[in-house]
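Walk me through this structure, please.

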Amino acid sequence: MLKSKLKTLTLILTLGTATSVAAELFDTDAAWNLLNTATVSERLKDGRWEAVKRFPDPLRDAADGFVVEGFVIPILPEPELSTFMMVQDPNNCPFCGTGSGYAPVLEVMLSHAIPSVPEFSRMRVTGELELIDDPDTYQMFRLVSARPLD
């Protein structure tokens with residue numbers, strides 16, 4: 001009887017720990033907080049403007065199997081969605097003329113098209129995070145080979 005109760009308690013503790021770890025992995029703000037650690041500044045070099053980007057190691061380390069949840073901004077009105085922009089908060093959308101500043105915007109390229117969704121639909125996706133170090137643009141991130149979760 002005591003052995004059975006110990007097994008049950010061990011199972012409950014194991015499941016509780018697994019649930020806690022899973023909740024941390026899918027914290028909707030964690031991915032955006034990580035994206036927010038990247039910085040970009042401007043400089044003039046040899047008479048030419050360029051964006052200087054810095055990507056901290058924890059962001060680089062999280063690139064494979066990156067999971068993020070946000071709001072979809074379709075690029076073009078099409079019946080299928082394969083590439084779109086994602087923001088953390090639709091009230092701070094740099095494309096919509098609202099918000100107080102330039103928050104991270106993530107370009108998402110799905111591995112397979114899905115039926116189109118309304119603008120600002122909430123979606124969780126996973127894929128490989130590309131860090132864009134191109135000095136000619138402010139774009140910093142792209143999620144490629146992405147697929148929706150849930």
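**From aromatic pairs to the barrel**

The structure holds 2 aromatic pairs. Rings of Phe, Tyr and Trp (its six-membered ring) count as a pair if their centres lie within 6.5 Å; planes under 30 degrees apart are stacked, over 60 edge-to-face, and the rest tilted. Tryptophan 49 and tyrosine 138 form a stacked pair, 5.9 Å centre to centre with 20 degrees between the planes. Tryptophan 49 lies in strand 2 and tyrosine 138 in the loop between strand 6 (122–131) and strand 7 (141–149), so this pair ties together parts that are 89 residues apart in sequence. Tryptophan 49 is partly exposed, at 34% relative accessible area. Tyrosine 138 is partly exposed as well, at 28%. Here buried means under 20% relative accessible area, exposed over 50%, and partly exposed in between (1.4 Å probe, protein chains only).

Phenylalanine 55 and phenylalanine 141 form an edge-to-face pair, with 6.3 Å between centres and 70 degrees between planes. Phenylalanine 55 sits in the loop between strand 2 and helix 3 (57–61), and phenylalanine 141 in strand 7, so the pair links parts that are 86 residues apart in sequence. Both phenylalanine 55 and phenylalanine 141 are buried.

This is a predicted model: local features need pLDDT of at least 70, side-chain atom pairs count only at pLDDT 80 or more, and totals for chains, interfaces and linings use all residues. Residues are numbered from 1 along each chain as its sequence is written, and side-chain values use heavy atoms, with hydrogens and water left out. Helices (H or I, at least four residues) and strands (E, at least two) are DSSP runs, numbered from the N terminus.

Now the hairpin. Strand 1 (residues 39–45) pairs with strand 2 (residues 48–54) in the antiparallel sense over 7 bridges. Pairing requires that DSSP finds at least two bridges between the strands. Threonine 39 stands opposite arginine 54 in strand 2. The hairpin has 2 residues between its strands, and aspartate 46 in the turn has a positive phi of about 55 degrees.

5 strands close into it in the order 3-4-5-7-6, with mixed pairing. Neighbouring strands of this sheet are turned by 50 degrees against each other on average, direction ignored. Strand 3 and strand 6 pair in the antiparallel sense over 6 bridges. Phenylalanine 66 has glycine 127 in strand 6 as its bridge partner. Helix 2 packs on the sheet, touching strand 3, strand 4, strand 5, strand 6 and strand 7; its direction makes about 85 degrees with that of strand 3. Contact means heavy atoms within 4.5 Å. Axes are lines fitted to C-alpha atoms, for helices over the stretch in contact, and angles run from 0 to 180 degrees between N-to-C directions.

Which residues of helix 2 are buried? They are Ala31, Trp32 and Leu35. Seen down the axis of helix 2, these fall within an arc of 95 degrees, so they line one face of the helix. That arc is taken from the directions from the helix axis to the C-beta atoms.

A polar atom of its side chain lies 3.1 Å from the backbone oxygen of phenylalanine 66.

Conventions: Polar contact = N/O pair within 3.5 Å; in protein donor to acceptor, adjacent residues only side chain to side chain.
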